[in-house]
Amino acid sequence: MSHFSPPLSDITFVLEHVVGYPDIARLPGYEHADLETVVELLDQCGEFMAEVVAPTNRTGDLVGARWQSDGSVLTPPGFADAYHQYVDAGWGALPLPEEFGGGGFPRTIGLIVQELMTSANMAFALCPLLTQGAIEALVHYGSAKQQQLFLPKMVTGEWTGTMNLTEPQAGSDVGALTTRAVQRDDGSYALSGQKIFITFGEHDMAEQIIHLVLARTPGSPAGTKGISCFIVPKFLMNDDGTLGEQNGVSALSIEHKLGIHGAPTCVLSYDDATGYLIGDENMGMQIMFVMMNSARLSVGMQGLAVAERAYQQSLAYAQERRQGLAIGAASPDSAIIEFPDVRRMLMTQKAHIAALRRMMLLNAAHFDHSTHDPDPVSRARAEEIVGLLTPICKSFGTDLGDELTSLALQIHGGMGYIEETGVAQHLRDARIAPIYEGTNGIQAADLVGRKLSVRGGASATEFLAGMREIIAELAAAGDAFTSIRVQLDQHLASLETATEWMLRTGRADPNAMLAGSGPYLRMWGLCLGGWLMARSALAGPATGDAAFAETQLVLARFYAEQLLPECTALLGAATAGADDLFELDADQLADVSKRLVG
Amino acid sequence: MKIIVLVKQVPDTYGERKLNATTGILDRAASEPIIDEISERALEVALRYRDSHKGTEVVLLGMGPASVTAALRKALALGADSAVHVLDDALAGADMGYTAAVLAAATIHTGYDLVIAGNESTDGRGGVIPSMIAEHLQRPSLTFLDSLDILDERVSGVRRTETGTVDAHAALPAIVSITELAPDVRFPNFKGILSAKKKPLTVLALADLGLDTAALSSRGHSIIAKTEQRPSRTAGTKVADDGNAGVDLADFLAARHLI
C-alpha cells in the first residue's frame, strides 16, 4: 500500500501567494478564516486523511462494495469506521453554513479538504461529495422546515445524501427522465420509477440517506422544463425527528465497474416512495444548476487529487527501482529516476499537477468572491469568471487525471500493469471523472456555447486581457523569466486567435464551433496553467525559501517551454470546423473495403 | 470530577535524538518536539470518561520550555478544558526528583480528584514520576495499568505481571498511570482546533507554586558531573580470503571468546 503525504507546502504557498487567499479572509463573514488558522486546520486535516482514510484505499479497490440479497450494501472493510471518525472530526462541515452547524469557512478551504480526502481515497470521498451537493440544494431551495429537519445531521455527516438524475434512457439528456411523482392528499408526493448510477445510493456507513430525486409530476411540460426535485429519505421521519419505517426506495443492484470499487453505484427503485417537493413543481433543473458549478469544480479536483496520489507513488518507485546504467553513472546499476525518459514523466506530472491545483483554487477563490464580496460589481464579475473557469477545470482537470495517472503507471513498467503495485487503481479510479457530472464533451460545449457568449464575448476576452498583464511583469523580472514570457506571449496569442474564431463562427455555424470545442477548451487549460505557473515563479522569492522559489521557477519554465506549446498545436483542430468530422458516413467509418468483398 | 492529565513534550521518536555534549541535557533544537504518545493515550482515557460523564473537567499539566505551549494547545484541541504550563528557566535539565516535586506542587495548586499519566515517557523512560508525585501528595498510586475504570469515589484497573494480572483499586483522589494498551488518542475535531485557541492556558513559574530552586536542591538531586562523547566507531577487521579465511575467522572469534 502506498503512503499518502499531504502536499501542504504547495497548498499553503498557492493560498498565500498565487490565488490571493488573504483577500478572501478579509471578506465579511470570513474573518475567522485567516490564513494562519486555515493552515493549522489543513495540517490536521491532512494528517487525518493520511492516517485514517488513505489506508482504506487499497482494500476498497480489492474488496469493493458488496450488494446483499436483502438489498443492503456493505462498504469495504474499514470504510464505515473511517467514516465515523470523519464525522467526529467534522471536516465535511468546515465549509458549510454555521446556522446548520458548519464552520462557515470559504469554499476554497472546503475544496482543499476535498482534495486531501480524494487523494486519500477517491471512492470513499465520493460519499461526502454527493452529500455536500444535496446540502447545497437544500440550503438554497429547501423550506425552513425541510432545512431544520434534514440539514443539521447532513452537515455533520451523520446522514449522507445522494443525487438521483440518471435513468437508463436519460443520461446526458436529463430531460428524458420518466420517474413520476404524484401529489397525495397530505401534500407529500408518491414517487415511482427507476434511477441508475446513484453513487452511495445504499450503504452501511450512516443510519439515514437523504435522496434528492428528479421526477415529473402529471401534466408537466416535456424536457428539462417539466422536472421537479424531491427529498426522499431512506427512512421516513417521525414527528419527533426520529427515524421511522423504511421508505419505498430500494437498491436493486450495484454496478461492476472499471474503478472506484469502494463506492457503491446503485440501481435504485422507487415504488410509491414518499417524497417532499423542494421549492415549486418544475423547478428541478434550476435547483440542479445551483450545485452544478460547485460539483463540476469538485470533479475537476478529483483529476488533480488522484494524479497527486499516483505521482507520489511513481516518484517513490522511480527512486527504488534499479535497472540498467544511466549515462555517467558508476555503480552497478541506477535507480530509474536517473534516466531522462523517467525524469520527463515525473516532471510532466509534477508541473501539470501544480498547474491544476492553482487552477482549481483560483476558481474556488472567485467563487468565494462571488458569494461574499461586499461590492456587487466584483461579485458579478467573480460569478462570470467562475462560469468561465468551471468547464475548463472540470474537463482539463479530469483529462489530465487520466493522462497523469497513466504516466505514473508507465513509470512502474510491467509492475504497474499488474495489479500488485496498486498503481493501476489510480488510473482506473480517475477514468470516471471525464465521464460523470457532464461529460468533458458537454463541458466543452458549455464553454463555447454558454460561457463564451457572456456579454457578447467580453467576459472571456477581458479575462484573457488580464492574463496578458503578466507579460510585462515577466519582462521586468529578469532574464531567468525570458523563455516563460516568450512562450506565454505566443500561446496566449493562439488562444486569442481561436477565441476570435469561435466568437465569429459560433452564431453562423454552431456545429463548427462545437467541433472545435474540445481542443479549444484544452488550449484554455494549457494557457491558464502556464499563466498560473508563471505567477508562482514570480511569487516564489516572497517565501524567503530559495529552494522552494527555484522549484517554482523551474516548474514554470518546464511548463512554458515543454507543455504549453501543445496549445498552439491545437489551434488547427480548434478552428478546422466540422466538415471532415462528418465527411465520412458510417459505412466509411467502418472497414468499407471488407464490406465490398463480403 | 476534576482530572489532571500529565502531558510531556518529547523529541519525535522517528527523528534523530541528541543530547547536548557539554551540558548532557536534551538538545531540543535537534528534533521535532511532539506530545509523547503515551501522554496522548492518558488524555484519551480522561476524554472518554468525560464523554459519558457530564461535568467532568479535564486539565492538562505540562512542564518544560516555551515550546511546550504548542503541545498543550494541540492537546486542548483534542478536547481538554484547560491547561497549566510550568515554565521556569530554573527547570532546565530537571531530574526526576525535581520534576516530581514541581508537578506535585502544580497538582495541588490546580486541584484534582484524579491524576492520569503515561507509565513512562519515550525519552527519559524513568517510569517513576507518577509514583513520586503520589508520594509527595500522600495519595494512592496505581501504576502501569492496562485498563482503567473510573468510578465516582474510586478507580480500579488491571496491571500485568510476569505471572498473571493484578486487579488494583484505590479511593479517590489518586494518581494512576496507563500503558500503551490504553486506547489511541482521537483525531481533533475542527471545532476543537478552533476553540483551543480560546481555552485557558495558565503559565506558572516556580515562585507561583511557592517553590524555589534552593529549597528543591536542598532535597538532593542529580548533577551531571561529566559528559563524554560516545566514541565513534572504528573500522572492523577484514579477513581477506586467500584460501584460509574460514580458519582466520574462527581464530578471530575464538580470540574474543565468542566461540
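How are helix 10 of chain A and helix 18 of chain A oriented to each other, roughly parallel or roughly perpendicular? In this predicted model, local features need pLDDT of at least 70 and side-chain atom pairs count only at pLDDT 80 or more, whereas totals for chains, interfaces and linings use all residues. Residues are numbered from 1 along each chain as its sequence is written, and chains are lettered from A and ligands numbered from 1 in the order in which they are written.

The axes of helix 10 (residues 340–372) and helix 18 (residues 510–539) of chain A come within 9 Å and cross at roughly 90°; axes are lines fitted to C-alpha atoms, for helices over the stretch in contact, and angles run from 0 to 180 degrees between N-to-C directions. Helices (H or I, at least four residues) and strands (E, at least two) are DSSP runs, numbered from the N terminus. The two helices are therefore roughly perpendicular to each other, a term covering angles of 65 to 115 degrees, with those under 35 roughly parallel. Residues of helix 10, including Ala351(A) and Leu362(A), meet residues of helix 18, among them Leu528(A) and Ser536(A); contact requires C-beta atoms, placed from the backbone, within 7 Å.

In chain B, three strands form an open antiparallel sheet in the order 8-9-10, pairing being assigned where DSSP finds at least two bridges between two strands. Strand 8 (147–150) and strand 10 (165–171) stand at the edges with a single partner strand each, so one side of each lacks a neighbour in the sheet. Four bridges join strand 8 to strand 9 (residues 154–160) of chain B.

Key. Angles under 35 degrees count as roughly parallel, over 145 as roughly antiparallel, 65 to 115 as roughly perpendicular and the rest as oblique. Two residues are in contact if their C-beta atoms, placed from the backbone, lie within 7 Å.
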